Structure formats: C-alpha cells, structure tokens
Amino acid sequence: MAAPTAYSLIATDLDGTLLRGDDTLSDRSLAALARAERAGARHLVVTGRPAPRVQPLLDDLGCTGLAVCGQGAQVYDAGADRMLWSVTLDRELAETALGKIEAEVGEVYAAVDQDGVDGLTLIEPGYLMPHPTLPAVRVERRAELWDRPISKVLLRHPDLSDDALAAAARSVVGSLATVTMSGPGTVELQPCGVTKATGLALAAEHLGLSAAGTVAFGDMPNDIPMFDWAAHGVAMGNAHPELKAVADEVTTSNEDDGVAVVLERLFDGAAVLGRQRSAQYALKTLSMEP
C-alpha cells in the first residue's frame, strides 16, 4: 500500500539523529519506522560511518536492503554484504590536502577509513576516536595510512574547534577534496563532489524513488546537501545551528526520539487508512457470503 503522506522515502542519519548517545535505538523509533514501512515507505540509513561500522546497526534495524555510508562515498547492500557503488579518495591528493591544512593551522592528527566491506579504520599516533565504541587500528607512522585505498580522511586538531578546523580546511583544500563536519571531533576529507546527497540520489534511483518523495533527518552540517536534495529536511533539537538554519522543521533531540515524533505525525494517517481498508475489505467479504 502506498503511503498516504507525500513521503515514500525516509532518509536518516545515525549519530546524533536516529541513535541515542549510547549508540542504541529506542523502541519508539523502531516502532515508528516499522509503521512507516508498513504504510509503503522505504527507510534508508545515510551515515558518515563506513559500511563495515554500520552492519551491526543495520542488523538491529532489520535492514537487509541498501544503506548510504562513508558520507555518500558508498552505497552498501546489507543483504548481500557488498558494495553496490563506491568511490575512493585519491591518496596522493589526500596527502597534499593534509599538508596544506597543516601549513595553515599547524599539526593535526589523522585517521582514514579504508575502502571495501572489510576496510579498517586506521588512526595515527595522537588521534583520538570521537566514538570510543567504534573499532580502530593504530599505526606507528602516518605513511601507513595510505597502504590501501581509502574512502575518507578524518582530522582532529589539538586546540581548534571543529568549526574553525573545518573552515580553515575549506579555505586551502579547494578541489582536492570535499570537507565535511559530521559530529563532535569529526572533520573529514572525502572525494571531491561526494556528499550524502550524491549517495542518497544513487540509492533512491536504484529503488525507483525520487527527491520529491523524500523526508530527511540529520543533526550536523554534513547533512545540509541531503536536506537540499530532499523535499523536506528535519533537523534534530540537538542539531548544529548551520543545519537548523536550512531545515524545513526542527524536531526534538535524538535522546527524545525526535525522528519518531515526526514519523508518528506523518504516518498516523497511514495507520488509520490501513485499518479502514482492512475493515472495508472484511465488510465486502461478508457481503459476498451466501
């Protein structure tokens, strides 16, 4: 049954959006997503996390379809455990961009997400993972970060704020890479022109869906391209001011089930309509009995 709302695709970020601070999903959020999917809508996770770090969460969601990972650099088929599409960041360009950033702001600490369904997150000495629950492998020298193809580089500065580091990086990187800020302590370099919107557009096309039927949820500036692409963008109550400024609406925080609050409103009519259609079918069946 097609959703009676305008939205046939629900795109959700994970950290700070669908997930609570302890990396768990609330029962309310799971129930709201299930209701929307029963009404005919599709749910797509659209996250900065690389595919290997998303699989356990997709299992919790019961997702066996597509997910957009790595800030849009990967479209991952969870059921088949394979990449439907991926693009890598040229490692020479990444090194050059990193050098330009350090010339501007001084030493930074770097990490990389390797490409592929078995890719590792490598961190150089001094880099602290913003999400302690995510696994990472520490290397002894920066040169080891470039041993295999990568989807992105993650940066941290010992003194600068995320906003200041992201602004400085954008001022010097130019067309070498796309600079994003996706969470506390998470400034990233990804392939030039690649955003959550590019990955989401590819996944939606594969599913036969469009921007006009998409509602998107997020909390950080890296979600702005996704909001620009989607018909309706919903910022969390805990969202960065830059995202709130371009959102169509602001919901409650991730800790207060902000995604569920909106989905319950949008798809409440779907549940009612479904019950009405079931009742009508039952009456029709009874009227046909001898």
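Arg 28 is partly exposed, at 36% relative accessibility. In this predicted model, Arg 28 forms a salt bridge with Glu 264, with an N to O distance of 2.8 Å between the side chains. The whole structure holds 13 salt bridges.

- Glu 264 and Arg 28 meet through their side chains in a salt bridge.
- Glu 264 belongs to helix H9 (residues 258–288) and Arg 28 to helix H2, so this pair ties together parts that are 236 residues apart in sequence.
- Glu 264 is partly exposed, with a relative accessibility of 25%.

**Salt bridges of Arg 49**

- Arg 49 and Asp 15 form a salt bridge through their side chains, at 2.5 Å from N to O.
- Because Arg 49 is in the loop between strand E2 (42–45) and helix H3 (55–61) while Asp 15 is in helix H1 (residues 14–18), the pair links parts 34 residues apart in sequence.
- Arg 49 is buried, with a relative accessible area of 6%.
- Asp 15 is also buried, and its relative accessible area is 14%.
- Asp 23 makes a salt bridge with Arg 49 as well, with 3.3 Å from N to O.
- Asp 23 sits in the loop between H1 and helix H2 (27–38) and Arg 49 in the loop between E2 and H3, so this pair connects parts 26 residues apart in sequence.
- Asp 23 has 18% relative accessibility, and it counts as buried because the cut-off is under 20%.

**Salt-bridge network**

- Asp 13, Lys 196 and Asp 223 are joined in a network of salt bridges.

**Met 83**

- Met 83 is part of strand E5 (residues 82–86).
- Met 83 is buried, at 18% relative accessibility.
- Beyond its neighbours within four places in sequence, Met 83 contacts Ala 51, Gln 74, Val 75, Tyr 76, Gly 116 and Val 117.
- A distance of 9.3 Å separates the C-alpha atoms of Met 83 and Leu 66, which are 17 residues apart along the chain.

**Thr 214**

- Thr 214 is in strand E12 (residues 214–218).
- Thr 214 is buried, with 0% relative accessibility.
- The Thr 214 side chain reaches the backbone oxygen of Ser 210 at 2.8 Å.
- Not counting residues up to four places away in sequence, Thr 214 touches Tyr 7, Leu 9, Ala 11, Trp 229, Ala 230, Ala 231 and His 232.

Note on methods. Residues are numbered from 1 along each chain as its sequence is written. This is a predicted model: local features need pLDDT of at least 70, side-chain atom pairs count only at pLDDT 80 or more; totals for chains, interfaces and linings use all residues. Side-chain values use heavy atoms; hydrogens and water are left out. Helices (H or I, at least four residues) and strands (E, at least two) are DSSP runs, numbered from the N terminus. Buried means under 20% relative accessible area, exposed over 50%, partly exposed in between (1.4 Å probe, protein chains only). Contact means heavy atoms within 4.5 Å. A polar contact is a pair of N or O atoms within 3.5 Å; within protein, one must be able to donate a hydrogen and the other to accept it, and residues adjacent in sequence count only if both atoms are side-chain atoms. A salt bridge is a side-chain nitrogen of Lys or Arg within 4 Å of a carboxyl oxygen of Asp or Glu.
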